[in-house]
Amino acid sequence: MDGIVTEVTVGVKRGSDELLSGSVLSSPNSNMSGMVVTANGNDSKKFKGEDKMDGAPSRVLHIRKLPGEVTETEVIALGLPFGKVTNILMLKGKNQAFLELATEEAAITMVNYYSAVTPHLRNQPIYIQYSNHKELKTDNTLNQRAQAVLQAVTAVQTASTPLSGAAVSESAVTPAQSPVLRIIIDNMYYPVTLDVLHQIFTKFGAVLKIITFTKNNQFQALLQYGDPVNAQQAKLALDGQNIYNACCTLRIDFSKLVNLNVKYNNDKSRDYTRPDLPSGDGQPALDPAIAAAFAKETSLLAVPGALSPLAIPNAAAAAAAAAAGRVGMPGVSAGGNTVLLVSNLNEEMVTPQSLFTLFGVYGDVQRVKILYNKKDSALIQMADGNQSQLAMNHLNGQKMYGKIIRVTLSKHQTVQLPREGLDDQGLTKDFGNSPLHRFKKPGSKNFQNIFPPSATLHLSNIPPSVAEEDLRTLFANTGGTVKAFKFFQDHKMALLQMATVEEAIQALIDLHNYNLGENHHLRVSFSKSTI
């Protein structure tokens, strides 16, 4: 790394004869003993660390097992929910870092929190413990990049003027123009609600208003702070981070708007400064007494520029800190109904298999039942409530076999199989043991590649003998027009674009798991790319 320390002292004055020019500290049983740090590219100096798990509290924290490509910004962001970060030292060769917080109290809160919930960076667990160092002194000329990022964060935290003199790295941000952020969520495997966004972004200051909407088949939100400084701080800490393990990635930009006009308070939009607004869907607005209490409570929250360190985390604060700190939450509740009711189906064409294939893009379908007395409707049981929510969000209103289908949550808890010996004309099918489930394997790459139905399809598992022309012909035979095609470099994967989303849905239903020979079954999913 280009900025490695020449001096790291622990409670030792610079003039002291205890200070080695290379740096510091001791203890034979260290997991860092004998670490070599090269200063100025010439002679190797020893950096001996000795951090033990059960050390006395210190405002300097030792972070281990960092992924190789992790940036200073990501490490600093781990500490942001808990208070001001005052220094950082990255030891990239060793995948370790030291992070100094402003107070010992903030460091204790951070260590206590992360001992209960394992923090993850780039989907890898990392380890945080107290350092024996009581403070971190770094040579700023050699540690320039880290210092630049830190100054950017500090400028944001203290609402100071734009940075002067510091060569700010690309990870740092330019001064904020607007208190409004535009948020896009990629890889939305679990539903993200307005309340989840509020919990996460409140860590960086009072959130005044949120509007959520779907645009270009993607869940998006506009979120307004009381102060542009808070917006800048939130963008710096959260852009590119995952809300949950391996999914729901935040993409954050400043909006051109400087004020949001919210008409209704409901699950799509909210003005936290106006609890008296109607819900807009026939539901009564909040009870006036509750509204008054709520207004009082929100005015207490509205301290411009406040970044309250985490006190004893209650459930909401823990969830927010977890999200703000990119802590993976693998135990996300799979509550909610697992059974979907799908209506307005084309009863001449639809089969349990076609529903299994389409809904299987968004979760592992367990059972499908086309209703005997109403064959344009079906019940579909998913593996958990998150999957059924995801399938409903992405497939409601899409066209299947020429008809716009409606997808809602069913009141049924399970799909009943027909009694043994009873022939229900193949209308009910149990897929519980299907080898075609995409999400059986925990942490599977498929979790990261869930996209709304789109005209462009992603094809994989293509054998070497199959050429572009073969695939174009195969897909044209599903009744649509192939507009474009592009092989990936290794020819095992490709992108193929149909004329419409409806044609792409049809092609996926017909050709996912199609046998291409040589023991290769084609895998088809929706892509976020265009050709």
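Predicted model: local features only at pLDDT ≥ 70, side-chain atom pairs only at ≥ 80, totals over all residues.
Over the ring of which residue does the charged end of Lys375 sit? I looked, and the answer is Tyr372, with the charged end 4.7 Å from the ring centre. My cut-off: NZ of Lys or CZ of Arg within 6 Å of the ring centre and within 35 degrees of the ring normal.

Side-chain values use heavy atoms, without hydrogens or water, and numbering runs from 1 along each chain as its sequence is written.

Next, aromatic pairs (centres of Phe, Tyr or six-membered Trp rings within 6.5 Å; planes under 30 degrees apart stacked, over 60 edge-to-face, the rest tilted). I found 2 of them. Phe356 and Phe431 have ring centres 4.2 Å apart and planes at 15°, so I put them down as stacked. This pair links distant parts of the chain, 75 residues apart: Phe356 is in helix α8 (residues 352–359), Phe431 in the loop between β21 (428–430) and β22 (456–460). Helices here are DSSP runs (H or I, at least four residues), and strands are E runs of at least two, numbered from the N terminus. Phe485 and Phe487 pair edge-to-face, at 5.0 Å centre to centre and 85° between planes.

Then burial (under 20% relative accessible area, 1.4 Å probe, protein chains only). Phe356 and Phe431 are both buried, and so are Phe485 and Phe487.

Last, helix α5 (residues 228–238): 10 of its 11 residues are buried, including Lys235 and Gln232. At its start, a side-chain oxygen of Asp227 comes within 2.8 Å of the backbone nitrogen of Val229.

Key:
Buried < 20%, exposed > 50% of the residue type's maximum accessible area, 1.4 Å probe, protein only. Polar contact = N/O pair within 3.5 Å; in protein donor to acceptor, adjacent residues only side chain to side chain.
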